[in-house]
Amino acid sequence: MAYEKIGITDTYTLSTGIRQYRGVRLTSTGIAYPSGSTARLACLGILISSGSTSSTSVDRVGTVQITGIAKIEAASSTLSKGDAYAVSTAGQAVEVTATDFAMGRVVAGSSGGANRILSVTIQPLGSTVVAT
């Protein structure tokens, strides 16, 4: 079962409708999913407050966990304990490749299909691509 140990958190304006337990980046208008050239690169952290699937939720405030052990939704069925993970354009955890920024490691969570919740560490920003 997935768990969390809250480290440093902060609140930010949601610049787009996003879901809870997804990785986010900081933009000039608030927090959003990684996109385009920022996909699979460093993220600010993981949204831990309730998100919204609607794009009309602009200007809501969300809490982002920046350090500690957080819950994140997995896009892949192959992530398991000990694996390094990156964040997709949908904010979900995916397997790290050689050019990805590793956000941290999976520390708990059941194996199985996509969209399950995993417990992961969050590496501080400023780290570089790590070996898998």
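Residues are numbered from 1 along each chain as its sequence is written, and side-chain values use heavy atoms, with hydrogens and water left out.

Colleague: What pLDDT does the protein chain average, and what percentage of the residues score at least 70?

Modeller: pLDDT is the predictor's confidence in each residue, from 0 to 100, and where pLDDT is low, the predicted coordinates should not be read in detail. The protein chain averages a pLDDT of 82, and the share of residues that score at least 70 is 82%.

Colleague: Which element of the protein chain has the lowest mean pLDDT?

Modeller: Helices (H or I, at least four residues) and strands (E, at least two) are DSSP runs, numbered from the N terminus. Among these elements, strand S7 (residues 68-73) has the highest mean, 95, while the lowest, 86, belongs to S4.

Colleague: In what order do the five strands form the open sheet, and why is one side of S2 and of S4 left without a neighbour?

Modeller: Two strands pair if DSSP finds at least two bridges between them, and in this open sheet the pairing is antiparallel, in the order S2-S6-S5-S3-S4. Because S2 (9-13) and S4 (30-32) stand at the edges, each has a single partner strand.

Colleague: Which residue in S4 is the bridge partner of Thr27?

Modeller: Strand S3 (residues 23-27) runs antiparallel to S4 and is joined to S4 by three bridges. The bridge partner of Thr27 in S4 is Gly30.

Colleague: Is Glu4 buried, partly exposed or exposed?

Modeller: Glu4 lies in the segment before strand S1 (5-6). Buried means under 20% relative accessible area and exposed over 50%, with partly exposed in between (1.4 Å probe, protein chains only). Since its relative accessibility is 32%, Glu4 counts as partly exposed.

Colleague: Which backbone oxygen does the side chain of Gln65 reach at 2.8 Å?

Modeller: Gln65 is found in strand S6 (residues 61-65) and is buried, with a relative accessible area of 0%. Leaving aside neighbours within four places in sequence, Gln65 is in contact (heavy atoms within 4.5 Å) with residues including Glu4, Lys5 and Ile122. A polar atom of the Gln65 side chain lies 3.4 Å from the backbone oxygen of Lys5, whereas the backbone oxygen reached at 2.8 Å is that of Thr67.

Notes. Predicted model: local features only at pLDDT ≥ 70, side-chain atom pairs only at ≥ 80, totals over all residues. Polar contact = N/O pair within 3.5 Å; in protein donor to acceptor, adjacent residues only side chain to side chain.
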